[in-house]
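Let's take a friendly walk through the charged side-chain pairs of this protein. Have the structure open as you read.

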Amino acid sequence: DTISSSLIEAIREQNDQEAIYWAHLLKNNILSNHDNQVIVPLVPLNEIFEGFALLNTELSSILAKIAWETVKAEDFPVIMEKYGDKIISVFNNSSTVNEEVLKLCLNIIFKLGLQSGHSNYITENTIHLLIRNILSSDYSVSGLLVEHIKALPEGIFKEMFQGPILELYSKSKHDGAVQFRFLELFYNVKHQESLLI
């Protein structure tokens, strides 16, 4: 597809303004063909991550939307095999990453991974990197993370998240908004437990 090829070329040339132009066209093409079930050739995820490296907020936001269309039908083990290191590096550098890129990676880990029965592909280190975002000053990121954690099956929450969240809570600063996020998670756990009694 000419649009995809042009976007890849602009990213490789590190021409972020040209890349924004082609990314907009590709995103609009995807959205307009979405209802017609037409398969649109998409940009490979490794090329999208190269585009994120250009550090242009507008471009990153558009690329995140294109990336989700690229991966949402993929098998999670394949995604982690091909792109796991890049996804984890996003969480490792979450304070300097565009919020749309961070939300994309959260959606991949939670929607395609944990909520789809692939918890064995998520390491303890990844969990610790993920939950640090509860402390984020960006509410759209921290709010999305809290919602994802609340949507987890109880067994996965208790086995993988409860301990690290309690540990992070005990080390967290006493910021009212951050404390509310923890309370929301703790309430959710209590509520789930009371439903089982």
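Is Lys150 buried, partly exposed or exposed? In this predicted model, Lys150 has a relative accessible area of 23%, so Lys150 is partly exposed, because buried means under 20% and exposed over 50%.

Lys150 also has a charged partner: a salt bridge joins Lys150 to Glu184, with 2.9 Å between the closest N and O atoms. Lys150 belongs to helix 8 (residues 139–150) and Glu184 to helix 10 (residues 176–196), so this pair ties together parts that lie 34 residues apart in sequence.

The whole structure holds seven salt bridges.

| Salt bridge | N to O distance |
|---|---|
| Glu99 and Lys103 | 3.6 Å |
| Lys150 and Glu184 | 2.9 Å |
| Glu154 and Lys158 | 3.3 Å |

Now look within single helices. Glu154 and Lys158 are both part of helix 9 (residues 154–171), where four residues, about one turn of the helix, separate them. Glu154 is partly exposed at 24% relative accessibility, and Lys158 is partly exposed at 37%.

Glu99 is partly exposed, with 32% relative accessibility. Lys103, at 17%, counts as buried, because the cut-off for buried is under 20%.

Notes:
Residues numbered from 1 in each chain as written. Predicted model: local features only at pLDDT ≥ 70, side-chain atom pairs only at ≥ 80, totals over all residues. Heavy atoms only, no water. Salt bridge = Lys/Arg side-chain N within 4 Å of Asp/Glu carboxyl O. Buried < 20%, exposed > 50% of the residue type's maximum accessible area, 1.4 Å probe, protein only. Helix = DSSP H or I, 4+ residues; strand = E, 2+ residues; numbered from the N terminus.
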